[in-house]
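Trainee: I am new to this structure and would be grateful for a close look at a single part of it. Please describe one chain as a connected whole.

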Amino acid sequence: MGEPLSLSGTSAPAGVGGGPVLEMTGIRKVFPGVVALDGVDFRLFPGEIHALMGENGAGKSTLIKVLTGVYDIDGGEITLGGSPVRFTGPLQSQKAGVSTVYQEVNLCTNLSVAENIFIGREPRKFGRIQWGLMRKRAAELLTRLDLDLDVSATLDTYSLAIQQMVAIARAVDVSARVLILDEPTSSLDASEAEQLFKIMRRLRDEGVAILFVSHFLDQIYEVSDRLTVLRNGKLIGEYKTAELPQVQLVEKMIGKELAVLDDLEDKAQRTRTKSAGAQPILSATGLGRTGAIAPFDLTIHEGEVVGLAGLLGSGRTELARLLFGADRADSGELKIDGKDVSLRSPQSAMKHGIAFSSENRRTEGIIGELTVRENIILALQAARGWTRPIPRRKQDELVDKYIKALQIRPADPEREVRNLSGGNQQKVLLARWLITEPRLLIIDEPTRGIDVGAKAEIQKLVAELSDGGVAVLFVSAELEEVLRLSHKIEVLRDRRLVEELENTEGVDADRIMQTIASGAVQ
Amino acid sequence: MTILKNRLFWPAVILLALLVVNMFTSNQFITVRDGHLFGTLPDILRGAAPLLLVALGMTLVIATGGIDLSVGSVMAISGAVACLLISHLGDQSAIGSVLLIVAVAIGASLLLGLWNGTLVAGVGIQPIIATLILMVAGRGVAQLITDGQIINVQSSPYAAMATGHFLALPIAFLIAVAAIVLVTLLTRRTALGMLLESVGGSPTASRLAGIRAKRITVMVYVVCGGFAGLAGLIYSANIKSADSISAGNLIELDAILAVVIGGTALVGGRFSIAGTVIGAVLIQTLGVTVVAVGVPSKATLLFKAVIVVALCLSQSATFRQKVFGRFRPSRPAVAAEVPA
Amino acid sequence: MTTVDMTPATNKTTPTNPRRRVYRPNTKYIPILATLTLLLVMYFTGVANYDNFGQPSVVVNLFRDNAVLLVVAVGMTFVIITGGIDLSVGAVISMTTTLTATLLHAGWPPLVVLPLVLLLGSLLGMGMGAVIHFFKVEPFIATLAGLFLARGIALFINQNSIPIRDKFWKTLSEYRIVLADGVVTKVTSVTAVVVVLLAALVLAWTRFGRNVYAVGGNADSALLMGLPVGRTKIAVYTLSGFCAALGGVLFSINSTSGWALQGQGLELDAIAACVIGGVLLTGGSGYVFGSLLGVLVYGLIQTIITFQGDLNAAWTRIIIGLLLFGFIVLQRVVTRKAR
């Protein structure tokens, strides 16, 4: 590093007159033991899409929560439209014209689509909610965003992607001057993200100032006009996106020379040579579950990395869950080491050396109020049964080893795991399964919503496991990642395994997209 | 100032204060007579035994995120079973037979616990409703067993469970201590405690980590039923009869209160046995103190309510913060993580 | 309950008018329909087995005998939809009846007593709601403390049953409303039905009602959406306190007396009725009409037991327990199958 803070985009972006709609200066926010924001300046102009960049823990979420009034600040000043403001709650900031869409969709899924858009602002007559008018307006608004939904259906009947769009529709209807999108794309597939960008550009052109947070660098470059980088709670700089090469951006975010990261990526890069004569560990024939995944054939060998590619809802997770016994198959057979088995529960799969880390980290992965140590030894302990506790010394030994190996931060085994960042929680989950010394590790979206550094480390880990003879079933929405790591790629579409591709020279993202789009290419 | 921040600080202080009050108001706080301990303190410990037992089982159930409303009914049934069988004995004081009958009664209670556990974990009924069924029907069953009468028994070994002494200490208290030790060993010397907390924290995640969440859930209801049965026996041994109407009436509320005062959250997860013990003894002491200091009988419940309200507030971190100044958690609450 | 299934956009180059609609039949009415069906089955079983069971008076009396439970269950429904629980309602009833009887006995004018006790019940509820919201005390515990407090007050006022001789109360108690030939009902049941209708209206047609659902569905989201979460929480406990106090007034009208041990265990009956009616204890889902059906199931069980006649107290309890069990399991099976 050692480079001076350069504010290369200090004037208003071209084509936009006037000052910033939102200006934050010297923002300071302290939590017990941590300075989350330390003198951060931030400006947002009308009619721009501004990306807020930084690793997990850089202070992005805190900055956003300050903006939305969830946190009060310990120092600094916020002005909105030229006049100083101090938000004491989400309601105030919303009323002032700052609307937010969060990564985890913050709507009430038990209410209807129309209600989610209008709740708190329902059209009323004599105190009575005008349901008809509300539905009509909701439908109109959604049509403007190119969405065709049944507005009276409850929100939980729609996918996460749709819920995200509904959240944006709500934010837009509050007639926002400032729209904050906090990682809205992390659970969207490519075409959905594209549609979101279209909406964002349209809103920008209407003069809305958009603050955009995403872990996908490509998306940042595709859609943002300017960006601000934070690191360790401090401002690193404000740049025009087009003028800052990706490599430099990443360096600024992680504060390391990119060479280090390249090194990590190199290690993760598969040689794509599979050791000849590897024994099959698991082989499924016509395995399936009605309504979840159509019968499929799949063989996984020792040391093989098998990638599962497909859109959200294509049956990726369902397939993985069958192989772990999380759901029971209702057709087909499964052989492990050549012997017929039936996986009736996670325990039975674990007995065969299969491990599974779910895509829903918070609800199906970590146990938030248990400590890092307890979370890590949980699966091993469950496999041993409650009568044979792992001796404390052994626990500490194992946990220390994996905290070091996976660089879990903070390296405190007695900290409650819910206080860790997403990337570190993911590492804890991986550690949980690694100490069971699995022969087949199934990992569902391990890199979703975590920062660049942690992502590279996890990819590297997968490569190392494979070198050590562990088979890995790798599920990811990111084709690049699947391509980089896998020996073999299984493509899913509409809850059906449509094609198996050896990962050879000719195979690339376009080839897989084509299969996903059109079905099997025979 | 760590001790002030401990959730058990205020309950412990109130418990000590109440004991001190008793020390001054009672003629005999603690004394030795015929080689046994007598006085208010041994009485409190003896009288707290049923509540302690029930609250122990309740702690485990609550740790899994459940609740058991049926404990009072189970107490009634176990007492009824024991008294009915003893009343049919030729020699009501035959130790062997009485022990066998005690075992039968506890066995029946374990079965009732199994019923609750099956409804909760197997059928998937919400715990509060699942155990409500046994709460309603159980007392009917107890009445049926005793044929609507109060069965009196004259069995010295049976009565000894409640009123006898061993090594100068009340047997009821010793039974409770044994149960506390047993549960502590069972949960903290094995991995059971952690697995319980895991199931309470997130049943889905626990299942996917390979924990047999259903089996563990059934188990805690069985254990809770067993302890409630034992408590029922001590209760009925104390009055030397089976009273299916008032045995364990409303004890579920006291037990839940004891658990919560002890710092275990009703949503499940982390639990504290020591806390529950403090909570249960505190509630018992409160009842004794109210009488000892001469609060008129019509005001006893009101007095108790005031203490309970104070205790509940003292358990609220927010309340302590607002009243006793800025509350600082012992570990930094990391809302923004320290980056690697 | 979030599902991640959706029709994949098959052609990513033409996102105009993509097929995004994923329709699944709405499952939110299933529990309530299951309850209705089973209630009807139970009713017609009664009609088939007992003489006179089919008379309209049986249904009308169902409302008369369960007016108190009905009113209390309405308040409870609001609380449970927000994801809370209110254990204090039975005790609030006893406090109200005791206070009413005492004040009337002391010669206070009934038109002062009536609003006063309703206000007191609401205030107690508001207090519990405030403790739950501001001090983050779990509802179960806060309302348990409320239970002790309310019953403690009742016992402090008077431990014995106090008769009410007030003219106004007597008139209300004795007034008969003729619905049809030979079918009469009382003021209390009419009040209960009005409360049910009003509550249903509030829940479905007002902002407050919708906020109740939002808070129960996801309180964190509701807060971020700018909804008055704290106010809503406090309001539902206030409402429940009001309903309990009203229940107490109805009780005192029905029995023309007040007693500190009145309404013991009623909170559990009310909770059970809500659950039978499809109100989820986890919050966010349920209807007042569901709770109405739940109360009717409860009442119908009692009615059948009365018609059976030769049952002693022990068997009555056991049968109630068994029917409750059968009902909950059946409802679970039906609901599961339909999903």
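Mentor: Let us take chain B, which has 15 helices and 6 strands; helices (H or I, at least four residues) and strands (E, at least two) are DSSP runs, numbered from the N terminus. This is a predicted model, in which local features need pLDDT of at least 70, side-chain atom pairs count only at pLDDT 80 or more, and totals for chains, interfaces and linings use all residues. Residues are numbered from 1 along each chain as its sequence is written, while chains are lettered from A and ligands numbered from 1 in the order in which they are written.

As for overall dimensions, the C-alpha atoms of chain B occupy a box of roughly 75 × 50 × 35 Å along the principal axes.

Turning to the interior, 56% of the 340 residues of chain B count as buried, that is, with 20 or more other C-beta atoms within 10 Å of their own, C-beta atoms being placed from the backbone. Among the contacts in chain B with a separation of 6 or more, 76% join residues 24 or more positions apart; two residues are in contact if their C-beta atoms, placed from the backbone, lie within 7 Å.

Finally, the model as a whole scores ipTM 0.80 and pTM 0.80.

Methods: A residue is buried if 20 or more other C-beta atoms lie within 10 Å of its own, exposed if 12 or fewer, and partly exposed in between; C-beta atoms are placed from the backbone.
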